[in-house]
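Please consult the sequence and the structure alongside the text.

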Amino acid sequence: MARSLRPLDVYPITVRTLDVLRVADVTPGMRRVTLGGAELAAHTAANGYPVAAFRSDGFDDEGKLILQHPDAEVPVAPTQADGVLNWPRDNPHLLFRTYTIRRWDPAAGEVDLDFVKHGVGPATSWAYSVQPGERVTWAGPKSSAPHPVGADWTLVAGDETALPAIGRWLEEWPEGARGQVFIEVAEASHRQLDLPVPDGVEITWLTRDGAEPGTTTLLFDAIRAAHWWEGTVFAWVAGETLTLTPIRRWLRNEKGLPKEQVEVTGYWRRQEVVVDESGALDLDATEDDGEAFHELSEIAPGFVLRVAATIGLAGALGDQARTVVEVAEATDTAPAGVEKLLRYLTAIRITEQTDGGYRLTSLGRSLENDYVSEALSLTGLYAQRELGGLLSLLAAVRTGRGDHDRWFGAEWADRTVSDATLLTARVEEEAGIAEYEAGAVAAAPVFDGLSTVVVVGRAPGAFAEALVTAREDVQALVVAAPSELDALRALHGEHARVSHTPGTLLSRLPEPVDAVLLVGALSSLPDADAAHALREAAASVQPGGRVLVFGEVLDPVLADEHEYEDDLIEFALTGGGARTHDEHLALFAAAGLGEPARSTIGWGNTLYAATAIG
């Protein structure tokens, strides 16, 4: 099953410095800044890394505008690395904002960015003060997605922050495609009436007429009142984050649209703005070491938020205040426990108490986001893995081996295979991640001339599917545990050139093949087992066949706290974890393989290719 009707095309992330060519007002509420310059072409960065030519194929492609912090003499920007960027995360003066590309003209070498005129934010201030001839750093985009494939019609809705994407979409709209488009702006003079109206498309402009942005239900009301055409619909909605929550919920629950037909994206979030004495935005959000350490050492907030997400607190509270008894009834929980939970959540500003009971604060409404609540839910795969890894971490640090079985009665790998819910969630999540990787891997030259490829490890079904789709002569064999094979077949269906067989990373194939592709597999194995897996893979290929390893390689220069966190959890669960390039080379050497060729795929992932000696 596709995760979206808009298949992603992923490419390496780039950073470049561009010239401001022109500045013009599109409407009284929108300013356009046109960028260009030599660095739009492919070139080599000052640090020696290649920078691919600028690319933007999708109507809602986005990138990051790097701005100068008011307390810095020059802008603090990332530098180019191998398919990714090196972000100076520890620098307090790093300042950037995400923007959609309104127009990309390769022939003219021009990029248009549109800026909504409101507030005193750093990007708005820059757009309304910048002059032609100045320079600015731009990072991305890193992927593109097309008009939805297989949809009979498209529902499009957004406020003015989504107007650059909608405007480009209308200009590039596929001939014969049907759609209903709703656009919210501040007032009538902000309508862009020169936008094309393709045949089969209806455009409705909505005006707030004095209401503050992010405070109305205009988009939601318009969508609910729209005529629902026959056939498969794809819904694309963007704007202020909190106003989109009821829209997403209505599309999913009331209209019954599956995930692959819904794309609801928060482009901005309404919040209190603090200005200094001059009226400029106050960006000073630093804290002293004592405050920072206190925040880092607290366990309770994160865990309590996960409990709140697990019991469905956001849905129980809805849009109004509820009493403790009402919340307990809606969540099937004990009133005494819920009251204590709500009191704590109020103390950390997730809920607030009123005369009518408790309600979510602006901060707490993040729990209404489906993606956030799914990630936090303690019954879900992500939180179960996180919890299991953290509970096992002390033993892993002390002995080199975690004690997950002591806490849960089984090792993590065995739990995810034997628990149908966890297994399905893992298979679906891995396949979702593979959408960003599998196509690029399948196109790699290392697969040229191969006929039989075994795929084992993470998302083997997705990678096998990508290989046979990209290469007509390839037969793919998926190797996994029997229960995992059932889940993979249910997700991907059958394909004439994809077969399945039960096995593990550590087992040799009965018949030799041209290549074995290990996807994210070595990170779940200790060093000795990982080297053994490589030896078995080498023994399973024809003389001169290829052993391929694809996944993330830990770069200590680029790695951030989240990568090290995931490394710790994987180590606690499996004894493996992230490895550097040198550590990968040591595994190949221990397996008796020569030094592999290395290439970068997509967003900094690595594909190793070693030739087996017959």
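In this predicted model, strand β13 (residues 153-158) runs parallel to strand β14 (residues 178-185), and six bridges join the two. Strands are DSSP runs of E with at least two residues, helices are runs of H or I with at least four, and both are numbered from the N terminus; two strands count as paired if DSSP finds at least two bridges between them. Within this pairing, L155 has Q180 of β14 as its bridge partner.

Residues are numbered from 1 along each chain as its sequence is written. Because the model is predicted, local features need pLDDT of at least 70 and side-chain atom pairs count only at pLDDT 80 or more, while totals for chains, interfaces and linings use all residues; side-chain values use heavy atoms, without hydrogens and water.

The two strands belong to an open sheet of five strands with parallel pairing, in the order β15-β14-β13-β16-β17. β15 (201-207) and β17 (262-268) stand at the edges with a single partner strand each, so one side of each has no neighbour in the sheet.

Helix α4 (residues 241-254) has 14 residues, which at 1.5 Å a residue should span 20 Å; the end C-alpha atoms are 20 Å apart, in agreement. The expected span is 1.5 Å times one less than the number of residues. Just after α4, G256 adopts a positive phi of about 70°.
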